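Please look over the sequence and the model, and then read on.

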Amino acid sequence: QVTLTSVSDTVANITSIDGLTTTEVTMAGATVSITDAGVTKAQLDTVNGFTTGTVTALTVTEDRADLATLNGTTGISLATTNITVTDAVSLSQAQTINGYTTGTVTLNSVSDTVSNLATLAAIDNAEVTIAGAAISVSDAASLANANTINAYTTGTVTLTSASDTVSNLATLAAIDNAEVTIAGAAISVSD
């Protein structure tokens, strides 16, 4: 019998190894590293069932709730995993997820206040990146705020509320909607 103590491969190949007759090959106690891009919770759970060793993935793509579940699952480690979060998160949620790993956390969507978005953008991009995120601003933003937030991302910035002078609001409305949109925003004129 061949006893594997460590396996590093794709989910498909790891599943094939586990499917071999255990009298010939066993990975029951192996540490396992999944090399696929964008591994899901379901895939990690499946592989975790193959071994009593620790299961890691190079990259995981999941929503916030599933990431929290994975982080608390015995046998699964996200300690060095690069994580992509698929649903909208706030600053505090991003900080929690960042605490799961020393890898990079990529946010696809963010929703928070002007102030919290500035704090989030100030986190080192090697830790947390919002460079391509869709951003929803949950409190009133001025033209200056919108321009600053627009510089954080190549994704669309959605303002839920805008407050500025008539002139600045006109300038804000003229920004390409693919960059900054105020289509559904509550508008407050300050002059």
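The side chain of Asp164 has a polar atom that lies 2.8 Å from the backbone nitrogen of Leu143. This is a predicted model, in which local features need pLDDT of at least 70, side-chain atom pairs count only at pLDDT 80 or more, and totals for chains, interfaces and linings use all residues. Residues are numbered from 1 along each chain as its sequence is written, and side-chain values use heavy atoms, with hydrogens and water left out.

| Partner of Asp164 | Distance |
|---|---|
| Asn168, side chain | 2.9 Å |

Asp164 belongs to strand β14 (residues 161-164), a strand being a DSSP run of E with at least two residues. Asp164 is buried and has no salt bridge, since its nearest side chain of opposite charge, Arg64, is 30 Å away; buried means under 20% relative accessible area with a 1.4 Å probe and protein chains only, and a salt bridge needs a side-chain nitrogen of Lys or Arg within 4 Å of a carboxyl oxygen of Asp or Glu.

Elsewhere, an open sheet of 4 strands has parallel pairing and the order β6-β8-β9-β11, where pairing requires at least two bridges found by DSSP. Because β6 (59-62) and β11 (128-129) stand at the edges with a single partner strand each, one side of each is left without a neighbour in the sheet. Strand β8 (residues 82-85) is joined to the parallel strand β9 (residues 105-107) by 3 bridges, and Val85 has Leu107 as its bridge partner in β9.

Methods:
Buried < 20%, exposed > 50% of the residue type's maximum accessible area, 1.4 Å probe, protein only. Lys, Arg positive; Asp, Glu negative; His and termini not counted. Polar contact = N/O pair within 3.5 Å; in protein donor to acceptor, adjacent residues only side chain to side chain.
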